[in-house]
Every structure is written in C-alpha cells, then in structure tokens.
Amino acid sequence: MKTGAEPHVLIEFALQPFGYVLTLAGEPYDPRPVDIGWFTTCGYSEERIIDLPEIPVLPTHEPFPGDYRTKDEIRRDALECMLREDGHADPVAEAQRILADGGGPTFFAAHGEEW
C-alpha cells in the first residue's frame, strides 16, 4: 500500500525467466510493467507476430510482489531504515554519504546485517 492511494490488489507469479503481475484492483505503484491484456483478443490457435519493443526487464531480488528495486536500491533503503532507527537527523543524506564513500559493507556489518 502507498499512503494516500488506493491499494493495488495483485497476483504476481514468476518462473524464471518470466514473471507476470495480474492487477485485480487499483493502479500499480511501478509504472514500468506493460499491459498485455490485449492478448485476449488473439484466438487460441491463432499464429501472430507480436511486437513488444517496450517490454521491461525488471529485477526481482526480494520475495515481495511488485518490488522491482535493484540490489543497490534495496541496500540504500535498508541503510536509511537503520539510520532512522538509530535516530539520525537526516537518514536520507547520511545513507547517500555512506554509500558514496564505500562505507556500506562496514555499516551493515556493524549492525549485524549482510551486505
């Protein structure tokens, strides 16, 4: 759920190398997945050339449906969360500084987390 927005009710199923998200209600929070609902207009035995030039290739590193963050984005968000829990005044800027300085692995290790 996203604060101030209608919930996105979805079903996501994946079997490498493909994954699909079926939206049941609401709008997806990530605009990158494309609508392939028009496939239903194709006949069962119909052969057709399908051009999907804009089909996205999205990372899936977490078991959470609809989470297409890269590993670096996940680390940044985790770092910000740890800084927030530590009571840091500006966790966003501090996380950016730590990552820019290459201190992420050390910070995570000090908090008992894997990089």
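**Figure 1. Trp-115, a partly exposed residue, and its surroundings.** In this predicted model, Trp-115 has a relative accessibility of 37% and therefore counts as partly exposed. The charged end of Arg-75 is placed over the ring of Trp-115, at 4.4 Å from the ring centre. Trp-115 also forms an aromatic pair with Phe-108, and this pair is edge-to-face, with 5.2 Å from centre to centre and an angle of 85° between the planes. Phe-108, for its part, counts as buried, because its relative accessibility is 5%, whereas Trp-115 is partly exposed.

**Figure 2. The aromatic pair of Trp-38 and Phe-39.** A search of the whole structure for aromatic pairs finds 2 of them. One of these is formed by Trp-38 and Phe-39, whose rings are arranged edge-to-face, with their centres 4.6 Å apart and an angle of 90° between their planes. Trp-38 has a relative accessible area of 34% and is therefore classed as partly exposed. Phe-39 is likewise partly exposed, with a relative accessibility of 30%.

Figure 3. His-8 belongs to the segment that comes before strand S1, which covers residues 9-15. Is this histidine buried or exposed? With a relative accessible area of 16%, His-8 lies under the 20% limit and so is buried. When residues up to four places away in sequence are not counted, His-8 touches Val-21, Thr-23, Ala-25, Gly-26, Glu-27, Pro-28 and Tyr-29. With Thr-23, there is a polar contact of 2.9 Å between the two side chains. Tyr-29 is 21 residues away from His-8 along the chain, yet the C-alpha atoms of these two residues are separated by 7.4 Å.

**Figure 4. Glu-94 within helix H2.** Helix H2 comprises residues 91-100, and Glu-94 is found in it. Glu-94 has a relative accessibility of 17%, which is under the 20% limit, and therefore counts as buried. Which residues does Glu-94 contact, leaving aside its neighbours within four places in sequence? They are Leu-83 and His-88.

**Figure 5. The protein chain as the setting for the close-up views.** The protein chain contains 3 helices and 2 strands, and from the N terminus on these elements follow one another in the order β-β-α-α-α. Along its principal axes, the C-alpha trace spans about 60 × 30 × 20 Å. The radius of gyration of the chain is 19 Å, whereas a compact globule of 115 residues would have a value near 13 Å.

How values were computed
Residues numbered from 1 in each chain as written. Predicted model: local features only at pLDDT ≥ 70, side-chain atom pairs only at ≥ 80, totals over all residues. Heavy atoms only, no water. Phe/Tyr/Trp six-rings, centres within 6.5 Å; stacked < 30°, edge-to-face > 60°. Buried < 20%, exposed > 50% of the residue type's maximum accessible area, 1.4 Å probe, protein only. Lys NZ or Arg CZ within 6 Å of the ring centre and 35° of its normal. Helix = DSSP H or I, 4+ residues; strand = E, 2+ residues; numbered from the N terminus. Rg over C-alpha atoms; globule rule 2.2 N^0.38 Å. Contact = heavy atoms within 4.5 Å. Polar contact = N/O pair within 3.5 Å; in protein donor to acceptor, adjacent residues only side chain to side chain.
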